[in-house]
Amino acid sequence: MRSIRRAPWLLVAALMAALVVSACGGTSDSSGGGTGAEAAADASGDGAKLSLVAYSTPKEAYAELIPLFQKTPEGAGVTFTESYDASGAQSRAVEAGLPADVVEFSLEPDMIRLVDTGIVASDWNQNDYDGFVTDSVVVFVVRKGNPKNIKTWDDVIQPGVEVLTPNPFTSGGARWNLMAGYGAQLKQGKTEEEAVAFLGQLLKSTVVQDKSARDALSTFDAGKGDVLLSYENEAIAAQQAGEEVDYVVPDQTILIQNPVASTEDAPEQATAFVKFLYTTEAQKAFGEKGYRPVVADVAAGFDFPAPTDLFTIDDLGGWPDVLDRFFDKDNGIVAQIEKGMGVSTDSG
């Protein structure tokens with residue numbers, strides 16, 4: 001899973017960094033310490049201030065994780081600024097100068113972009129979990145009661161079924177969705193040509209392609225579409241928020257792996273925070289928000305469905321090959337399909 005592609009160093013002027021910060025479009029919050037030692041540290045100015053930059057979905061998880069970290073000796077007095085947006089957009093923003101001490105993305109290539117430019121160390125993934133902090137799977141989010149009886153990938157592309165999935169040139173979640181659909185066809189014994197044809201049908205059935213997975217969920221919650229391709233954790237988050245939705249874990253789906261790292265110039269508290277995310281307490285908090293814990297002992301305490309045919313991105317050739325073959329904005333398979341429908345392949 002850890003293939004690294006090298007790219008030249010990108011020099012970024014301070015003015016460009018400021019423009020990217022103002023234009024990245026993500027949500028941003030400040031998370032401060034509480035009382036006692038934390039407040040005293042903040043008042044004295046000794047507490048570190050960390051910038052967390054993440055993809056669009058784990059905001060609710062970090063709302064619990066940050067206070068838990070602040071109660072530890074390593075986290076006492078530490079405050080956070082937070083930014084959430086589409087995974088690719090966040091990675092490119094950090095590359096172009098958006099301040100970041102801790103980064104979490106939807107997929108590994110968005111982390112590798114920062115490794116290639118020296119922002120994240122090349123050994124970022126040298127732990128027991130290959131640098132991945134949570135897992136998930138691609139699911140079908142449907143209306144309460146599943147009125148269209150959508151259970152399989154073939155059901156998703158039936159006439160009259162309106163599909164939602166984000167734009168794969170801005171959203172990491174969308175890339176997982178499409179690779180889940182493609183790989184499912186191969187698992188069913190279909191040829192590569194038939195699997196590509198399925199992608200064309202899937203995208204032609206898609207009525208809205210939002211920027212991020214969270215935006216797509218908001219559009220679905222607003223009443224648009226019959227089925228939303230999404231992270232399992234987003235489906236669970238929608239149910240926890242009281243939305244009238246169900247979700248189906250298809251027999252054939254892909255294992256989603258979300259990478260996290262501290263940046264090279266971050267204070268030591270950023271490294272401590274990343275380590276904290278692998279503790280039993282933190283992994284349990286992730287699990288309660290719908291993410292599949294990567295720590296086996298913690299994962300065993302949750303009853304997540306086990307898909308019959310779960311596959312990984314490596315089964316499809318690995319991210320370097322997949323990015324070139326499917327998501328090259330000029331010649332990729334998905335780009336060609338999208339352009340044929342008049343959909344933008346601009347990642348900006």
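Helix 7 (172-187), helix 9 (213-221) and strand 8 (227-231) each put at least two residues into the lining of the largest cavity; helices here are DSSP runs of H or I with at least four residues, strands are E runs of at least two, and both are numbered from the N terminus. This is a predicted model, in which local features need pLDDT of at least 70 and side-chain atom pairs pLDDT 80 or more, while totals for chains, interfaces and linings use all residues. Residues are numbered from 1 along each chain as its sequence is written, and side-chain values use heavy atoms, with hydrogens and water left out.

A cavity is a set of points on a 1 Å grid, over the protein atoms alone, where a 1.4 Å probe fits but cannot get out, and its lining residues have an atom within 4 Å of a point. The largest one comes to about 40 Å³, a volume being the space filled by probe spheres set on points joined across faces, edges and corners. Strand 8 gives the most to its lining, with 4 residues. The second largest cavity, about 30 Å³, is lined by residues including Y55, S56, A86 and S87.

As for nonpolar cores, these are sets of buried Ala, Val, Leu, Ile, Met, Phe, Trp, Tyr and Cys residues joined through side-chain atoms within 4.5 Å, buried meaning under 20% relative accessible area with a 1.4 Å probe, protein chains only. The largest has 72 residues, and Y62 and I254 have the most contacts inside it. Helix 7 turns up again here, giving the most to this core with 6 residues. Apart from it sits another core of 14 residues, L98 and M111 among them.

Terms used:
1 Å grid on protein atoms, 1.4 Å probe; cavity = no way out; pocket = protein on both sides within 12 Å on 5 of 7 lines; lining within 4 Å. Buried < 20%, exposed > 50% of the residue type's maximum accessible area, 1.4 Å probe, protein only.
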